[in-house]
Amino acid sequence: MYEGLIKRYKKYLDVDEKYIVSLNEGNTPLIRAKNLEKILDGVEIYLKYDGLNPTGSFKDRGMTMAVSKALEENKKAIICASTGNTSAAAAAYGARAKLKVIVIVPDEKIAKGKLAQAIAYGAKIIAIKGNFDDALESVKKISQESDIQMVNSLNKYRIEGQKTAAFELIDDLKELDYFMLPVGNAGNITAYHKGFKEYLKDDKLKKLPRLFGFQAKGASPIVENKVFKNPKTIATAINIGNPASWDKALNAIDESDGQIDAITDEEILNAYNLLAKEEGVFAEPASCISVAGLIKSYNEGKIKKNSKVVCLLTGNGLKDIDVCMNNMDFDIKNLDDDYALIKEEILKDL
Ligand code: F0G
């Protein structure tokens, strides 16, 4: 039986087994994107669908580690700043571990599904009139001034857990040429880089995949090399103006011969639409930036022919259905329950 990523990768993770808090996270599907391949001719494309983790995002990978370690270190409470997914994961794993959980989120800029999760799992929720970067400042301070454990990705155990996604990719694919992913606070790109390097060292991988990171244009501090005081994007998960792991992201990109680029909200929505309609995969907007980024890079001639590319889908589309309802073109036919009318409506489009 699969029992979560700490047990699967215990050789690479330092945790005392008796403190493990797990929801059997990890082991997410790698899906071949055959219809996207028809559009981007000559490239082998896979989707790593991490939105199928227990709380619907990749954050569960880091949270199983951070919460297990919090227990091992006898902490009683955990805290995080979040654009939504980290708070959902912290609330779930914290509930399971019987820890007190406090989450600080930017008021109004968090997707409803994510807020609902924090409510359901019973976290204490503080919504501030400020953005993620402001929230993180308070979290850093209180975790220094008290015994509350910070579980943002500045907590090294989060990175340890998240690096296992790189292991899974290599265990499944053996080699890949490019890896496309969203960049917000830049913890995840740091974690993948660490994971790939550890596999390289263990001879499980021959060369590092090139890491292509993408930020939303309205929140692209690393791309523009300046802090964004008022970041703004439809991809609320990565609406971050001053990433905590900025330097580590630059190092990961540099060492892997990668790049970082900015993607418009329009390009994100196009990829969101394409993924759902062409591949049957519903991922939240921030996730779709990896596919939008692949399309842009391909069109700019940056992807070599016959290469193998993985796009990371970090979060589930169900987290943020407002984006779908407010931005997709759809037409719901409201009819009386009259079979003749229903039949006519169906047959006229066939
Ligand atoms: N994709 C999704 C769906 C996210 O929620 C995040 C970050 C990222 C990508 C970017 O990852 O920050 O490691 O570069 N969400 C954080 C949160 C900030 O609070 O849930 P990163």
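The side chains of Glu 160 and Lys 194 meet in a salt bridge of 2.6 Å, N to O. A salt bridge is defined here as a side-chain nitrogen of Lys or Arg within 4 Å of a carboxyl oxygen of Asp or Glu. Glu 160 belongs to helix 7 (residues 156–162) and Lys 194 to helix 9 (residues 187–201), so this pair links distant parts of the chain, 34 residues apart. Helices (H or I, at least four residues) and strands (E, at least two) are DSSP runs, numbered from the N terminus.

The model is a predicted one, in which local features need pLDDT of at least 70 and side-chain atom pairs count only at pLDDT 80 or more, while totals for chains, interfaces and linings use all residues. Residues are numbered from 1 along each chain as its sequence is written, and side-chain values use heavy atoms, with hydrogens and water left out.

## Other salt bridges

In total, the structure holds 26 salt bridges. One of them joins the side chains of Lys 75 and Asp 147 at 3.1 Å, N to O. Lys 75 lies in the loop between helix 3 (59–72) and strand 3 (77–81), and Asp 147 in the loop between helix 6 (132–145) and strand 6 (149–150), so the pair ties together parts that are 72 residues apart in sequence. With 17% relative accessibility, Lys 75 counts as buried.

Glu 345 and Lys 348 form another salt bridge, their closest N and O atoms being 3.2 Å apart. Here Glu 345 is buried, at a relative accessible area of 18%, while Lys 348 counts as exposed at 54%.

An open sheet of mixed pairing is formed by 6 strands in the order 1-2-10-7-8-9; two strands pair if DSSP finds at least two bridges between them. Strand 1 (30–32) and strand 9 (259–263) are the edge strands, each pairing on one side only. On average, and with direction ignored, neighbouring strands are turned by 25 degrees against each other. Strand 1 runs antiparallel to strand 2 (residues 43–49), to which 3 bridges join it, and Leu 30 stands opposite Lys 48 in strand 2.

Helix 8 (residues 164–173) packs on this sheet, touching strand 1, strand 2, strand 7 (178–182) and strand 10 (307–313). Its direction makes about 135 degrees with that of strand 2. Of the 10 residues of helix 8, 8 are buried, so this helix is largely enclosed by the rest of the structure. Among the buried residues are Phe 167, Glu 168, Leu 169 and Ile 170. Just after helix 8, Lys 174 takes a positive phi of about 70 degrees.

## Packing of helix 12 and helix 13

The axes of helix 12 (residues 265–279) and helix 13 (residues 285–299) come within 8 Å and cross at roughly 95 degrees. Axes are lines fitted to C-alpha atoms, for helices over the stretch in contact, and angles run from 0 to 180 degrees between N-to-C directions. The two helices are therefore roughly perpendicular to each other, a term that covers 65 to 115 degrees.

Contact (heavy atoms within 4.5 Å) involves residues of helix 12 including Ile 268, Ala 271 and Leu 275, and residues of helix 13 including Cys 288, Ala 292 and Ile 295. By class, this contact has 11 nonpolar, no polar and 2 charged residues. Ala, Val, Leu, Ile, Met, Phe, Trp, Tyr, Cys and Pro count as nonpolar, Asp, Glu, Lys and Arg as charged, and the others, Gly among them, as polar.

Terms used
Angles under 35 degrees count as roughly parallel, over 145 as roughly antiparallel, 65 to 115 as roughly perpendicular and the rest as oblique. Buried means under 20% relative accessible area, exposed over 50%, partly exposed in between (1.4 Å probe, protein chains only).
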